[in-house]
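Please open the model in your viewer and keep the selection panel at hand.

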Amino acid sequence: MQTVWKGAISFGLLNVPVKMGAATHRENIAFRQLHKACNTPVNQKRYCARCEKEVPYEEIVRGYEYEPGKFVIISDEEIQNLPVKSAKYIDIVDFIRLEEVDPIYYDRTYYLWPEKGGEKPYLILRDAMRETGRAAVAKVSLREKEHLCLIRLIGDTLSVALMFFQDEIRSTAELGIAELGQRVPVRPEEMEMAVKLVENLTAAFTPGKYHDAYREELLSLIRAKVEGREFVEPEIPDRPAGNVVDLMERLRQSVEATKTKEQEPEKKPAVRKRKAAGS
């Protein structure tokens with residue numbers, strides 16, 4: 001696993017030397033920008049309008065615009081020497097219960113594993129957290145920013161989830177949802193049916209049963225165009241025309257349809273064949 005950060009977890013007077021690596025990755029499909037006239041990839045260049053020339057990477061410096069058109073230059077060395085503990089340490093501030101944290105605070109998760117010689121303090125911290133059922137709120141500096149983070153166990157491994165600070169979470173007050181219930185009446189019968197529907201569709205969370213259908217179909221389209229063969233597309237089920245006026249009836253039908261529904265792994269939709277354009 002690629003190391004993106006090296007340092008130590010600061011745990012009281014105990015330091016736990018660790019490496020950090022990304023716990024997740026996105027299965028994205030990357031497209032290149034092409035010139036429509038000749039299908040040649042378009043290159044992005046660093047260009048200086050004042051000098052009227054392309055600027056090589058080694059001539060790029062970091063500048064902060066404190067007023068329009070006015071900058072101060074900040075070097076890599078100055079950033080590395082900032083007197084912030086979290087620049088070299090994952091600094092534990094508090095231990096908490098994991099369920100106290102709203103998922104809206106989570107950003108990206110990384111795995112932590114011990115540096116050579118740090119195996120014993122790593123195991124001590126891990127096992128103490130496991131025995132107490134606690135997670136640790138900490139701070140760490142990555143990519144020129146100090147992050148709030150949460151250290152927790154994933155299986156037998158310590159992980160750190162970068163988090164948003166409180167002032168980075170947008171308020172919902174401007175959405176006016178709190179007043180919505182006063183303007184839109186909901187009948188008890190509708191509520192009862194909705195609760196039954198939720199109960200009928202409730203299942204244990206099994207991550208492996210969910211798939212990225214959009215990515216799968218896009219890859220199918222790409223392969224068909226590359227190979228010049230037939231490709232498949234999903235059958236789109238017919239939906240009732242017009243607006244559903246009777247909400248209660250629609251809820252009732254949904255409850256009936258899900259009464260005996262078993263929670264099975266997500267299945268790929270039925271498909272029908274059609275030829276790729278130009279084949």
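**Pockets and cysteines**

By class, the second largest pocket is lined by no nonpolar, two polar and three charged residues (Asp, Glu, Lys and Arg count as charged, Ala, Val, Leu, Ile, Met, Phe, Trp, Tyr, Cys and Pro as nonpolar, and the others, Gly among them, as polar). This is a predicted model, in which local features need pLDDT of at least 70 and side-chain atom pairs count only at pLDDT 80 or more, while totals for chains, interfaces and linings use all residues. Residues are numbered from 1 along each chain as its sequence is written, and side-chain values use heavy atoms, with hydrogens and water left out.

To see this second pocket, select Thr24, His25, Arg26, Asp107 and Arg108, which form its lining; its volume is about 260 Å³. A pocket here is an open set of points on a 1 Å grid over the protein atoms alone, where a 1.4 Å probe fits, with protein on both sides within 12 Å along at least five of seven lines, and lining residues have an atom within 4 Å of a point.

Next, move to the largest pocket, with a volume of about 450 Å³. Of its 14 lining residues, Ile79, Gln80, Ala87, Ser141 and Glu144 are the closest to its centre. Its lining has five nonpolar, two polar and seven charged residues.

Finally, select Cys48 and Cys51: the sulfur of Cys51 has its closest cysteine sulfur in Cys48, 3.7 Å away, which is too far for a bond, given that a disulfide is a pair of cysteine sulfur atoms within 2.5 Å. By this rule, the count is zero disulfides.

Technical notes
Points joined across faces, edges and corners; volume = space filled by probe spheres on them.
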